[in-house]
Amino acid sequence: MKVVKKELITINQKKASELLGRNFNNRELHPINVKYFVDIIECGEWQGTKANPIQIDVAGNLINGQHRLNAIVQTNAELPVWIFTVEF
């Protein structure tokens, strides 16, 4: 896997939902993992710029980050997140 683009963006509920709409080959969503990120967001301890990046492939499909994105949707937060575009 090769990173072809890195972007630090503020992601909101709408953008998170758009990325989740391109979630075709990810592992099963685990509600306990989503709750973990919801709790972090709600208590103000989000460190998205230090966390693993959200990863999409060059076609825009979500590769990594579904639990964090679902937490953003649930909390209606706007948070800084690294998005890496990768190719295989």
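This is a predicted model: local features need pLDDT of at least 70, side-chain atom pairs count only at pLDDT 80 or more; totals for chains, interfaces and linings use all residues.
Taken along the principal axes, the box filled by the C-alpha atoms is roughly 35 × 25 × 20 Å. Of the 88 residues in the protein chain, 39% are buried. When contacts between residues at least 6 apart in sequence are considered, 84% of them join residues that are at least 24 apart.

The accessible surface of the protein chain amounts to about 5,500 Å², and carbon and sulfur atoms account for 48% of that area. With regard to charge, the protein chain carries 10 positive and 9 negative side chains, and the centres of these two sets are separated by 6 Å.

Strand β2, which comprises residues 54-57, is covered on both of its faces, with Ile54 and Ile56 buried on one side and Gln55 and Asp57 buried on the other. This strand has two pairing partners described here. With strand β4, formed by residues 79-87, β2 pairs in the parallel sense over four bridges, and within this pairing Val86 of β4 is the bridge partner of Asp57. With strand β3, formed by residues 62-64, β2 pairs in the antiparallel sense over two bridges, and here Asn64 of β3 stands opposite Gln55. The two strands β2 and β3 form a hairpin in which four residues lie between them, and Gly60, located in the turn, adopts a positive phi of about 90 degrees.

Ile11 belongs to strand β1, which spans residues 2-11, and its relative accessible area of 0% falls under the 20% limit, so Ile11 is classed as buried. Residues up to four places away in sequence being left aside, Ile11 touches Ala16 and Leu19, as well as Leu69, Ile72, Ala77, Glu78, Leu79, Val81 and Ile83. Among these contacts, Leu69 and Ile72 fall within the residue range of helix α3, 66-75, whereas Leu79, Val81 and Ile83 fall within that of strand β4, 79-87. The C-alpha atoms of Ile11 and Trp46 are 13 Å apart in space, and the two residues are separated by 35 residues in sequence.

Asn70 is located in helix α3, made up of residues 66-75, and counts as buried because its relative accessibility is 18%, where the limit for this class is under 20%. Apart from residues up to four places away in sequence, Asn70 touches Leu20, Leu29 and Val34.

Asn76, by contrast, lies in the loop between α3 and β4, and counts as exposed because its relative accessibility is 51%, where the limit for exposure is over 50%. The backbone of Asn76 has a positive phi of about 55 degrees, although this residue is not a glycine.

Methods
Residues are numbered from 1 along each chain as its sequence is written. Side-chain values use heavy atoms; hydrogens and water are left out. Buried means under 20% relative accessible area, exposed over 50%, partly exposed in between (1.4 Å probe, protein chains only). Two strands pair if DSSP finds at least two bridges between them. Contact means heavy atoms within 4.5 Å. Accessible areas come from the Shrake-Rupley method with a 1.4 Å probe; for residues, only the protein chains shown count as cover. Lys and Arg count as positive and Asp and Glu as negative; His and the chain ends are not counted. The place of a charge is taken as NZ of Lys, CZ of Arg, CG of Asp or CD of Glu.
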